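Colleague: I am new to this model. Please show me how to read a contact between two chains.

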Amino acid sequence: MKFALAGNPNSGKTTLFNSLTGSTAHVGNWPGVTIDKRSGFYKKGGGNVEIIDLPGIYSLSPYTPEEVVSRNFLLDEKPDCIINIVDSTNLERNLYLTTQLLELDVPVVIALNMTDALKKEGGEIDAAELERLFGVPSVKISALVGDGLDLLMQRAVNAAKQKRAGRSVLDSGKCAGVINAIKELYIKDNISNPLFHAVKLVENDGIETAANAAFAAKAEELKKGVETGVFEGDFEGLIADARYRYISENLAAVQKKPAPRAVGFLTKSDKIDRVLTHKVWGIPIFLLIMLGVFHITFGENFLFLGGWLIPESFDSAIFGSGALNSPGVIIFNLMDAATSRLGEVVSSALPEGMWYTSMISDGLFGGVFAVLSFVPQILVLFLFLSILEDSGYMARVAFIMDRAFRRFGLSGKAFMPLVMCFGCAVPGIMATRTLENKEERQRAIFLTPFFSCGAKLPIWAAFAGVFAMYRGLNAELTVFSMYILGIVVAIVSAFLLKATIIKGETPPFIMELPSYRAPKPKNTIIHLWQKLKHYVIRAGTIIAAATVVIWFLSSFSFSFEWVGADGNPEGSILGLISKYVFRWVFYPLGFAMGENGWMFVVATLTGLIAKEVVVATMGVFAGMDGDEALETEGSELGGTALGGVIISVGGMLGGLNVAIPAMFAFMAFNLLSVPCMAAVAAARSELNDKKMLFKAIAFWIITAYAVSLVIFWVGTLYTLAFWAGFAVTAAIVAAIAGAVWHRLKKTERKG
Amino acid sequence: MQKKLNDFIPDEKGTVKNVNAEGKIRRRLFDMGVTPGAEITMRKTAPLGDPIEITLRGYELSLRKSEAETVVLEVTK
Ligand SMILES: Nc1nc2c(ncn2[C@@H]2O[C@H](COP(=O)(O)OP(=O)(O)O)[C@@H](O)[C@H]2O)c(=O)[nH]1
C-alpha cells in the first residue's frame with residue numbers, strides 16, 4: 001500500500017514521517033524540480049506500507065513547484081490513502097488544505113497533531129466532531145511524543161481498503177450548480193477524480209484550463225449565471241473565500257476549547273517574539289546570535305579568555321596557544337591530528353618512491369582528509385543552524401533581513417544560505433533549496449563563491465604572513481580585506497545579475513511565522529545526521545576524485561611517464577599547460593608574469609578544483625625553489641617558503657612593490673572564481689539546468705578575471721604614481737556607485 | 001472607516017473588505033487566509049521598517065508593505 005503524507009509547513013510532517021518510517025527513509029528528488037522527495041516504509045507495517053512525504057504546502061494552487069508536485073503525485077500516482085497532518089494549535093488555516101484534499105476520490109485520514117502542545121496551552125479539540133463534519137477518520141496524535149501513531153496507521157490501513165468518493169465543502173455554495181454540471185462532463189469522459197478537476201476548472205486554474213480547453217469554455221458560460229459580489233468575476237477568490245467561510249462557521253463545534261492564541265491572548269511564543277524581533281533590539285540580538293555561532297565554530301580565542309584567564313605560555317596544538325580554542329576548532333584539530341597520523345602510518349607502510357604510494361598518500365588521502373578535516377566544523381555549524389531552524393527563529397531571521405536583501409532581488413530567506421557560505425559553499429548551495437522562487441535561488445547560487453569559505457582562509461593567512469614579514473602589512477587587515485572584497489563584489493554583482501542574466505521581479509514575501517518551539521534533541525540529531533550525510537557524500541566523493549585528478553595531472557607527463565618523484569610538477573601535464581598555455585591567459589593579471597609565474601598558474605588551476613590544495617601546491621614549489629635563507633628565517637611553512645616564490649616573481653617585475661598588487665590579484669582570482677568541484681556539483685543539482693550552470697561558471701570566472709585585472713593594474717599605478725592610482729580608483733568607484741544608484745532608482749520607481 | 005493594511009499601527013484590528021492584488025500574490029493571500037471577512041490584528045513592523053507581521057485566523061503571517069497595500073480593511077478597533 002502507498003500512503004501520501006500531506007500537510008502545511010511546520011505542521012510536524014517531518015517529525016511524523018521520521019517516527020513512522022524510522023531508518024527506512026530514503027531521500028530522492030521529485031522529477032524535474034529540486035525538491036526533496038522522502039519516502040520510507042512504515043516500521044510496523046512489515047514492509048507493506050510505503051509512506052511518501054509530500055512537500056509542505058498550504059494549498060493545491062498551480063503557482064508553486066511544491067504544490068504542483070504534490071498535486072501531480074496525488075492525481076497520477078493514485079495513493080491508497082492520504083494522511084493529512086493538521087496542526088491542532090492552528091486549526092483554521094490547516095483545514096483549508098484539508099478541504100481541497102477531500103475533493104479527491106482518495107481515502108483521507110486526518111492526523112490532528114501537536115495535541116500535547118494544545119493541551120498545555122489549555123485548548124481542546126473534538127476529533128469525533130471533525131470526523132462527522134468531513135466524513136473521514138480523524139485521530140489525535142502527537143508526532144513528537146509518539147502518541148496515537150498506532151491508531152492513526154490502523155485507521156489509515158482500514159480506510160485504504162475502502163473506496164471513497166470526493167466531497168466538497170462547496171456543495172452548498174453559490175458555485176455548487178456549476179461544479180456539478182462540469183463534474184458530469186468529466187464523469188462522461190471517464191476521467192478519475194472528476195470533482196477535484198471540476199472545482200479546479202471553475203477556479204480558473206491554469207493547469208486545468210490548459211488541459212481541458214473545451215470544458216473550460218463550457219464552464220465560462222455556466223459561470224456567467226453566478227453572482228460574484230466583491231469578487232467581481234474572480235472565481236479563484238470566491239472559492240478560496242467559500243472554503244475559509246465553511247471552516248470558520250464550523251470551527252466552534254470542533255474546537256471545544258480554542259487555543260488561547262485563537263482568541264487573541266499573548267502566548268509564550270508571542271512574548272519571545274516581542275524580544276527577538278524588537279524594533280531596536282531585534283537586529284543587535286540577531287547579530288549577537290550569528291556572531292556566537294561563528295565564534296563557537298571557528299574562533300581561536302574562545303569566550304575571549306586568552307590574556308586574562310589563560311596564560312600566554314599556554315600552548316597546545318589542539319587546545320590553542322595563549323588562548324582557548326572554540327569547540328569547533330578543538331574538534332577540527334583533533335580530526336586533523338588523527339587523519340595526519342593515519343596518513344603517515346599508511347604511507348610508511350607502502351614502498352617509497354613508487355607512483356602508487358604517491359597516488360594514495362598525496363592524491364587520495366590528501367583529498368579525503370581535506371574534506372574530513374572540515375567535517376567537525378561543518379557539524380558544529382549545522383548543529384546551530386538546525387537548532388535555529390527547529391526553534392522557529394530562522395523565519396524571524398528572514399523577517400528581519402528581508403528589507404536589506406530585497407534591493408538585490410533576494411528575500412530575507414536568502415540570508416542563511418549565503419551566510420553559510422562563509423563556512424563552506426556546498427551546504428550553502430544546498431540550503432538555497434529553502435528559497436521558493438527559482439530566480440531567487442539562481443541569484444543566490446551565483447553569489448556563493450564571493451563569501452570567502454573556510455578552505456580559502458589558509459590561502460589568505462599564508463599570503464598575509466608573507467606580506468607582514470616583507471612589507472610590514474598588517475596580517476589581519478590583509479585577511480579582512482579579502483572578506484570585504486567578496487562582500488562588495490557580491491553586492492555589486494547582485495545588482496548586475498538582476499539587470500542582466502537573471503531578470504525577474506523580486507519574489508513575494510508572504511510567509512508564516514511559526515510559533516517558537518523548544519527544539520527536541522532527537523529531532524535535531526536526525527536533522528543533523530541527514531545534512532551531514534548529504535554533505536560528506538557529496539563533498540567527499542567529488543573532492544577525493546578531484547584531488548586524484550590533480551595528482552595525476554601534476555605527476556605524469558604527456559607521454560604518461562611518472563615525473564612526480566621529486567614532487568616538482570614542472571614537466572607534468574599540468575605544469576606544461578600552465579607554462580605554455582594558461583600562463584598567457586593569466587598574464588594580464590600580473591601574477592603569471594616573471595620566470596616563476598607559471599607556478600601561480602598551476603596553483604590557480606588546482607584551486608578551481610579544490611581550494612584546499614592551493615597552499616599545498618605553493619608549498620611544493622617553495623620547497624624546491626625557495627631561498628635557503630628565507631626558509632630558516634621563520635617557522636611558518638606558508639610564510640617563509642612562499643616568500644621565496646613571491647620574491648622570484650617580484651624580481652622579474654622590478655621589485656616586490658609590483659609583486660604585491662600581483663599577489664592581491666592572485667588572491668582575488670582565487671576568492672571569486674569557481675569555488676571548487678564539490679560546489680559546482682552542488683550547484684548543478686540545485687540549479688537543475690545545464691545552461692544556467694554554464695552561465696554560473698562563466699560568471700564566476702569572468703568576474704574573477706575582471707576584478708583581478710583591475711586590482712593588478714590599479715595597484716601597479718599606485719606604485720608608479722600615487723595620484724594616478726587614486727584618480728583611477730575614484731573613477732571606478734564612481735562608475736560602480738553610479739550604476740548601482742541608477743538601478744536603485746529604477747527599482748524604486750517600479751515600487 | 002476603511003484603511004489599507006500597510007497603514008495599520010500595531011495592535012489595530014480590522015476586517016478584510018477587499019484584496020486588490022493580482023495573480024500569484026492574490027492567490028497566495030487567499031490561500032493564507034486573507035479573504036474578505038477575515039479579522040486581522042496588526043502586530044508589528046520589522047526593525048528595518050518592512051515587512052510587517054499580522055495575526056489572523058490564529059497564526060502569525062508576515063508580508064511586505066507593498067503586498068499589504070493591496071488589502072483593504074474596515075477598522076474595528
Ligand atoms: N509539541 C509538539 N511539537 C511538535 C510535534 N510535532 C512536531 N513538533 C515540532 O514542530 C516543529 C516543526 O516540526 P517539523 O516536523 O519540522 O514540521 P514540518 O515543517 O511540517 O516538517 C518542530 O520544532 C517539532 O519539534 C508535536 O506533536 N508536539
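Colleague: How much area do chain A and chain B bury between them?

Modeller: The size of an interface is often given as the accessible area lost when the parts come together. Here chain A and chain B bury about 3900 Å², counted with a 1.4 Å probe and summed over both. Carbon and sulfur atoms hold 52% of that area. This is a predicted model, in which local features need pLDDT of at least 70, side-chain atom pairs count only at pLDDT 80 or more, and totals for chains, interfaces and linings use all residues. Residues are numbered from 1 along each chain as written, chains are lettered from A and ligands numbered from 1 in the order written, and side-chain values use heavy atoms, without hydrogens and water.

Colleague: How many residues does the contact take from chain A and from chain B?

Modeller: Contact means heavy atoms within 4.5 Å. By that rule, 52 residues come from chain A and 35 residues from chain B.

Colleague: How many salt bridges are there between chain A and chain B?

Modeller: A salt bridge puts a side-chain nitrogen of Lys or Arg within 4 Å of a carboxyl oxygen of Asp or Glu. The count between these chains is seven. One salt bridge joins A:Asp402 to B:Arg64, with the closest N and O atoms 2.7 Å apart.

Colleague: Which strand of chain B pairs with strand 12 of chain A?

Modeller: Strands (E, at least two residues) are DSSP runs numbered from the N terminus, and two of them pair if DSSP finds at least two bridges between them. Strand 12 of chain A pairs with strand 5 (residues 59-63) of chain B, antiparallel, over three bridges. In this pairing A:Met511 stands opposite B:Ser62.

Terms used. Buried area = accessible area lost by both parts, 1.4 Å probe. Helix = DSSP H or I, 4+ residues; strand = E, 2+ residues; numbered from the N terminus.
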